[in-house]
Amino acid sequence: MLENKKKIYIIGTVGVPACYGGFESLVDNLLDYTPDDVEYTVFCTAKKYEKKLESYKGAHLIYLDRDANGKDSILYDYESMKIAVRDNADIMLILGVSGCMFLPIIRRAFKGKIITNIDGLEWKRDKWNCVAKWLLKHSEKQAVKYSDIIIGDNKGITDYVHAEYAKIVATKRVELIAYGGDQVSRVEDDSLFEKYPFCREQYACTVCRIEPENNVHIILEAFSQMPKKTLVIVGNWEKSEYGRALKEKYCAFQNIHILDPIYEPHTINFLRGNASLYVHGHSAGGTNPSLVEAMCLGLPIVAFDCVYNRATTEESALYWKSCDDIKSAVLEKDFSKQGEAMKEIGFRLYSWKKIALLYNSLYQTC
């Protein structure tokens, strides 16, 4: 066993084993490629784990009695940072900017390096009120100012950082490192075909959080006008009034199958992998994990037209801005070759081994 390993504390996720979203999957997969000279510590939200492990894939786990998401995430991150300072961590790997408003304070005590993945411009999301947006934008600025290395997961994000914070980043490193997606696989399961019989026929699929910036209302309206085209859409409908209203409005359409959130990989891979088309509505954020995973499954992609999605798909998908655009793509376009193109891009750019090696190379320069 090597002595003097670099102690890297990962801050900002619900935790591992991954049971939630993109950053959690990122950490889970990074742990599979831990260098010999690195020792990870991962902070976890206690209430999300009935069984609290001391370690996972060689990483030490610390459980906090706060929520890693929503308003509580600010203090969740701050408490994590204070523990990293106390333990004399060598590197803080901060995922998201929620708690970065405290970095000016943390920097006075912390002697190590700070690497921050600023995620997808969280302050732009419609779900936040004006105060929350201001706080998130302020935290983003502090993250850029006080981090040694800033990571953007999409060229649209790194371009934004250089443009928005040109003076600050003139002497800093801004790195582009995406998410991986090649952990997914197609699933054939007779019991799931019985549970979801509509999967025996051709259908389009969408998996996302039910939020306005994911344009779920446009996707649903488009398919409500195409009764011969089936849509399977999975999300957290009960989380907001927006989701509850959409579910009530569109659940009556026989060609639209509205499913509650599914976090179990086998089932979600079954639903996506048997689809003939993936409809992606995200307009905010950078490289969305759900899009990358659909690409690695070899699905043709019809994506919302924004700089992030165009960058992720190398301009090779079909893009939409309106209900009519979706209808035109679904009814008129030939997808016969697009799925293979998406798969080639997915495995070339978004393999977890490649992503982990990029993170590992950052540690060596700190």
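**Entry 1: W320 and F304**

I looked up W320 and found it buried, at 1% relative accessibility. The model is predicted, and I keep that in mind for every entry here. F304 is also on my list; its relative accessible area is 11%, so I note F304 as buried, the cut-off being under 20%. I then checked how the two rings sit. The ring centres of F304 and W320 are 5.3 Å apart and the planes stand at 85°, so I logged the pair as edge-to-face, for which the planes must be over 60 degrees apart. F304 belongs to strand β13 (residues 301-304) and W320 to strand β14 (residues 318-320). The pair therefore links parts of the chain that are 16 residues apart.

**Entry 2: F193 and F270**

I ran the aromatic search over the whole structure and got 11 pairs. One of them is F193 with F270, edge-to-face, with 4.9 Å from centre to centre and 80° between the planes. I placed F193 in helix α7 (residues 190-195) and F270 in helix α10 (residues 265-273), so this pair ties together parts 77 residues apart in sequence. Buried or exposed, I asked of F270? F270 has 0% relative accessibility and counts as buried. F193 is buried as well, with a relative accessible area of 9%. I also looked for the cluster around these rings: F193, Y196, F198 and F270 form one aromatic cluster.

**Entry 3: charges over rings**

Next I looked at charged ends placed over aromatic rings. The charged end of R310 sits over the ring of Y319, 4.1 Å from the ring centre. I noted K52 too: its charged end lies over the ring of Y63, at 5.9 Å from the centre.

**Entry 4: helices α8 and α9**

For a helix pair I write down two values, the angle between the axes and the distance between them. For α8 (residues 216-224) and α9 (residues 241-250) I have an angle of about 5° and axes 11 Å apart. Angles under 35 degrees count as roughly parallel, so I recorded α8 as roughly parallel to α9. Which residues of α8 make the contact? From α8 I listed V216, H217, L220, E221 and S224. On the α9 side the list is Y242, L246, K249 and Y250. Sorted by class, the contact of α8 with α9 has 5 nonpolar, 2 polar and 2 charged residues.

Note on methods:
Residues are numbered from 1 along each chain as its sequence is written. This is a predicted model: local features need pLDDT of at least 70, side-chain atom pairs count only at pLDDT 80 or more; totals for chains, interfaces and linings use all residues. Side-chain values use heavy atoms; hydrogens and water are left out. Axes are lines fitted to C-alpha atoms, for helices over the stretch in contact, and angles run from 0 to 180 degrees between N-to-C directions. Helices (H or I, at least four residues) and strands (E, at least two) are DSSP runs, numbered from the N terminus. Angles under 35 degrees count as roughly parallel, over 145 as roughly antiparallel, 65 to 115 as roughly perpendicular and the rest as oblique. Contact means heavy atoms within 4.5 Å. Ala, Val, Leu, Ile, Met, Phe, Trp, Tyr, Cys and Pro count as nonpolar, Asp, Glu, Lys and Arg as charged, and the others, Gly among them, as polar. Rings of Phe, Tyr and Trp (its six-membered ring) pair if their centres lie within 6.5 Å; planes under 30 degrees apart count as stacked, over 60 as edge-to-face and the rest as tilted. Buried means under 20% relative accessible area, exposed over 50%, partly exposed in between (1.4 Å probe, protein chains only). A charge sits over a ring if NZ of Lys or CZ of Arg is within 6 Å of the ring centre and within 35 degrees of the ring normal.
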